[in-house]
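Hello,

As promised, I am handing over the structure we talked about. Please open it beside this email, and then read on for what I found in it.

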Amino acid sequence: MRSRGYVTMLDPFQQLYGKRMGGLLFIPALMGEIFWSAAILSALGATLSVIVDININMSVVISALIAIFYTLVGGLYSVAYTDVVQLFCIFLGLWISVPFALSNPAVSDISVSAKQAIYQSPWLGKIENKDKWLWADNFCLLMLGGIPWQVYFQRVLSASSATYAQVLSFLAAFGCLVMAVPSVLIGAIGASTAWNQTSYGSLAPKDRDESDMILPIVLQHLCPPYISFFGLGAVSAAVMSSADSSILSASSMFARNIYQLAFRQSASDREIVWVMRITIFIFGALATSMALLTGSVYGLWYLSSDLVYVIIFPQLISVLFVKGTNTYGSVAGYIFGLLLRIGGGEPYLKLPPFIYYPGWVTVEKIHPLTGDVEYFVQQRFPFKSVSMVASFLANVSFSYMTKYLFESGILSHKYDFLGAVVSKREIMDKATLVSNHDNIILSEIAPVNPALGASLAGTFTNTEVLGDDEASSPEAFNNED
C-alpha cells in the first residue's frame, strides 16, 4: 500500500469499489477508532480514581483536552514526536514499579505461585478442551483484526519508503513484545499477593470483580507513593498516546475519503486541513463524552473491533490480492459479515443472539459482592472467524457471479446500477479500438473527465490495479457524470 502511494486505509476501497462503498466501510472503521479512544479514556479515569483522590470526570476531560490540543496544532508531526516521549514514559514508569512491587513482603515468589496455590490459585492457567475454539477465535481476532486500522496505516503510509514502512512494522512488533513484559509481571504479582496483609482488604481483586484494575491496585497498595505516581504517569502517557492517534486517524479518514473524495473533489489542501481540525475536535469531544456518560463503552469497543475484523479485514485482502472483485461482491461481503457477527450477540452490551451457533451454552454469572445472578449466552463456536471467512467468500463469489451474469447477457446491462461490471467493460472495449498494441496502457484510453483534482492525481496512480481489466475500477474511468 505504501508503494502504491495511498494516503489512508480506505483509498484502495474507493479506488476499486467506488466512493459509496468507501463510505460504508468508513462506518466500522470510525466506530472502532472512536470507541477505542472512549474506552481508554474511561480506563484512565478509573485508574486515577484508585491511585489519587481526584475527580474522575475532571481528569478525563483535562487529559483529552491536552491530547486534542496538540493534535489540532501539529497533526501527525505532534502525534509522532509526543509518542516518542510517551513511549519512554510508559517503559520507564512500568519497569520502575515492578521491582518495588516484587519486593513487597505480601508478595510471594511469582515463579512458585505460577503453578502452586499459595495465597491465591496459580496464575498460570491452561486452556480447557471445551474452550479451545473460543481461544483460537480470539487469537485470530487479535492477530488479524489488528491489521486494518487507520491508526496503524497512518504511520506506515507516511513513511519515507515502502522498505522503511516494513522495517518500522517489524520493529514495532518486537517492541510490543518487550513492552508487554512488565504488564505480565504486574498481573502475576497481583495473583501472588496476600491482599489481607495490605491496605487493599481481605478479598483479592478477582473476588471483587476488579481483575481489570490490577495495575492501579498494585501501584497503590504494593508500591511507595512516589513510585505510584511514576506508574500513573505511565498510564496517562499510554492513554494520551493512543487517544491522539485514534482521533487523528478518524478525522483524516473523514476529511479525505468522505469530505474530499465523495463531496468536494476540488477542495484545496488548506480546506482539508481545516476540515481535519474541526473533526479532530468533534471526534475528541465525542470520545470524551462517551467515556464519561456511557457505562457500556467497553462493550461498544469490543463489538466495533469485531466488525473491523469481520468486515474490513476480508475486504482489504480482496481489494489488494484478489483479482476481479467488484462493488457487488463488496456489498455482499459487508452484509454477510455484519449479520453473522451481530447474530452471535454481545454479552458486554447485553445484546442477545438471534443466531445460535453449534456448542452455545447459557452461562451463569454471580456478582461476588452483591450476589446478583446474571445469565448470558456464550458462543463457544469460533463464529467471529467464520463470519470473517464467510464475508471474504461472499465478496469473491458474488463478484465473479455478477461479472459472469452481466458479461454473458443473462442479466441486461441496464441492471448494472452500480456500474461495476458493464461500464468497465465498455471502457476497455473502447480502449481496444484506439490501441495499436496487444497490451493496453492507461494513456491510450480515450480521454475522460478526471475523477480527482489535479493535486490528488498522483496519490491514486495504481498501475497494478488500473492497468488490469480484471481489477479496474469503474470509478476511475466512468466519470462523464
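What pLDDT does the protein chain average, and what percentage of the residues score at least 70? The average is 81, and 86% of the residues score at least 70; pLDDT is the predictor's confidence in each residue, from 0 to 100. Over residues 426-481 the pLDDT is below 50, and beyond near neighbours in sequence this stretch has 82 contacts in the model (a contact means heavy atoms within 4.5 Å).

A word on the ground rules. This is a predicted model, where local features need pLDDT of at least 70 and side-chain atom pairs count only at pLDDT 80 or more, while totals for chains, interfaces and linings use all residues. Residues are numbered from 1 along each chain as its sequence is written, and side-chain values use heavy atoms, with hydrogens and water left out.

**The whole chain**

The protein chain has 16 helices and two strands. Helices (H or I, at least four residues) and strands (E, at least two) are DSSP runs, numbered from the N terminus. Of the 481 residues, 47% are buried; buried means under 20% relative accessible area, exposed over 50%, and partly exposed in between (1.4 Å probe, protein chains only). The chain exposes about 23900 Å², with carbon and sulfur atoms supplying 66% of that area (areas come from the Shrake-Rupley method with a 1.4 Å probe, and for residues only the protein chains shown count as cover). Among contacts between residues at least 6 apart in sequence, 74% join residues at least 24 apart.

**Helix α8 and its cover**

Why is helix α8 (residues 214-222) described as largely enclosed by the rest of the structure? Because seven of its nine residues are buried. Those residues are I214, P216, I217, V218, L219, H221 and L222. Their cover includes α2 (19-51), α3 (56-102), α7 (162-190) and α9.

**Three residues along α9**

Helix α9 spans residues 225-263, and S241 is found there. S241 is buried, because its relative accessible area is 14%. Leaving aside neighbours within four places in sequence, S241 is in contact with D83 and Q86. The side chains of S241 and D83 also make a polar contact of 2.9 Å. A polar contact is a pair of N or O atoms within 3.5 Å; within protein, one must be able to donate a hydrogen and the other to accept it, and residues adjacent in sequence count only if both atoms are side-chain atoms.

With neighbours within four places set aside, S228 is in contact with I51, L219, Q220 and C223.

Beyond its neighbours within four places in sequence, the contacts of Y259 include R264, A267 and E271. Its side chain is joined to that of E271 by a polar contact of 2.3 Å. Y259 and M276 are 17 residues apart along the chain, and their C-alpha atoms are separated by 9.7 Å.

**Rings and charges**

Rings of Phe, Tyr and Trp (its six-membered ring) pair if their centres lie within 6.5 Å; planes under 30 degrees apart count as stacked, over 60 as edge-to-face and the rest as tilted. By this rule there are twelve aromatic pairs. One of them is the tilted pair of Y328 and F406, at 5.9 Å centre to centre and 35 degrees between the planes. This pair links distant parts of the chain, with Y328 in helix α12 (residues 327-343) and F406 in helix α13 (residues 383-407), 78 residues apart. Y328 counts as buried at 11% relative accessibility, and F406 does at 3%. Elsewhere, F26, F254 and F283 form one aromatic cluster.

R208 lies over the face of Y200, 4.3 Å from the ring centre, and the charged end of R277 is over the ring of W274, 4.9 Å from its centre.

**A residue to look up**

Most residues other than glycine have a negative phi. K350 is not a glycine, yet its phi is positive, at about 55 degrees. K350 lies in the loop between α12 and β1 (361-366) and is exposed, with a relative accessible area of 63%.

Happy exploring!

Terms used
Lys NZ or Arg CZ within 6 Å of the ring centre and 35° of its normal.
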